[in-house]
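Here is a short report for a first look. Please keep the sequence and the 3D view side by side while reading.

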Amino acid sequence: MLRHHVFLTRAAVCIAVWYQALKKQDDIVILPLISKEYTTILIQYLPVWILITIAIYALITILYGLATLENCPEAKKDLEKEILEAKAEMGKREIRIQKN
């Protein structure tokens, strides 16, 4: 299966479970200490909490990637070499580059 098939299958299962929980929210007891009002609110806003959680996870992952990003001096040298080669090739073809 392709990646989007797996995603859509998981999303469909999650939506089906949430919909059934929403239909039968009066019969669901999460913890004996949590009242029915809080259980109802939790079930109704569960998709919102899931989206917020995924957004926070994505943000933390991006920030961690930026924090641990290392400099690559070899890549810089390779890029400068390719730029000089491209300029030389353009000079052979008599293409002028305007500097701003």
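## One residue to start with

Arginine 3 is exposed, because its relative accessible area is 77% and exposed means over 50%. This comes from a predicted model. Arginine 3 sits in helix α1. In sequence, 61 residues separate arginine 3 and tyrosine 64. In space, their C-alpha atoms are 25 Å apart.

## The chain as a whole

The chain has four helices and zero strands. Read from the N terminus, the order is α-α-α-α.

How does the radius of gyration of the chain compare with that of a compact globule of 100 residues? The chain has 27 Å, whereas such a globule would be near 13 Å.

The exposed surface comes to about 9,700 Å². Carbon and sulfur atoms supply 66% of that area.

Charges come next. There are 13 positive side chains and 11 negative ones. The centres of the two sets are 4 Å apart.

The table collects values for the chain.

| Property | Value |
|---|---|
| Radius of gyration of the chain | 27 Å |
| Distance between the centres of positive and negative side chains | 4 Å |

## The largest pocket

Now turn to the pocket. The largest pocket holds about 460 Å³ of space. Its lining has 15 residues. Which residues lie nearest the centre of the largest pocket? They are Ala11, Cys14, Ile15, Pro47 and Ile50.

Which element gives the largest share of the lining? Helix α1 does, with eight residues. Helix α1 is also where arginine 3 lies, the exposed residue that opened this report.

Technical notes:
Residues are numbered from 1 along each chain as its sequence is written. This is a predicted model: local features need pLDDT of at least 70, side-chain atom pairs count only at pLDDT 80 or more; totals for chains, interfaces and linings use all residues. Side-chain values use heavy atoms; hydrogens and water are left out. Helices (H or I, at least four residues) and strands (E, at least two) are DSSP runs, numbered from the N terminus. The radius of gyration is taken over C-alpha atoms; the globule rule is 2.2 Å times the number of residues to the power 0.38. Accessible areas come from the Shrake-Rupley method with a 1.4 Å probe; for residues, only the protein chains shown count as cover. Lys and Arg count as positive and Asp and Glu as negative; His and the chain ends are not counted. The place of a charge is taken as NZ of Lys, CZ of Arg, CG of Asp or CD of Glu. On a 1 Å grid over the protein atoms alone, a cavity is a set of points where a 1.4 Å probe fits but cannot get out, and a pocket is an open set with protein on both sides within 12 Å along at least five of seven lines; lining residues have an atom within 4 Å of a point. Grid points are joined across faces, edges and corners, and a volume is the space filled by probe spheres set on the points. Buried means under 20% relative accessible area, exposed over 50%, partly exposed in between (1.4 Å probe, protein chains only).
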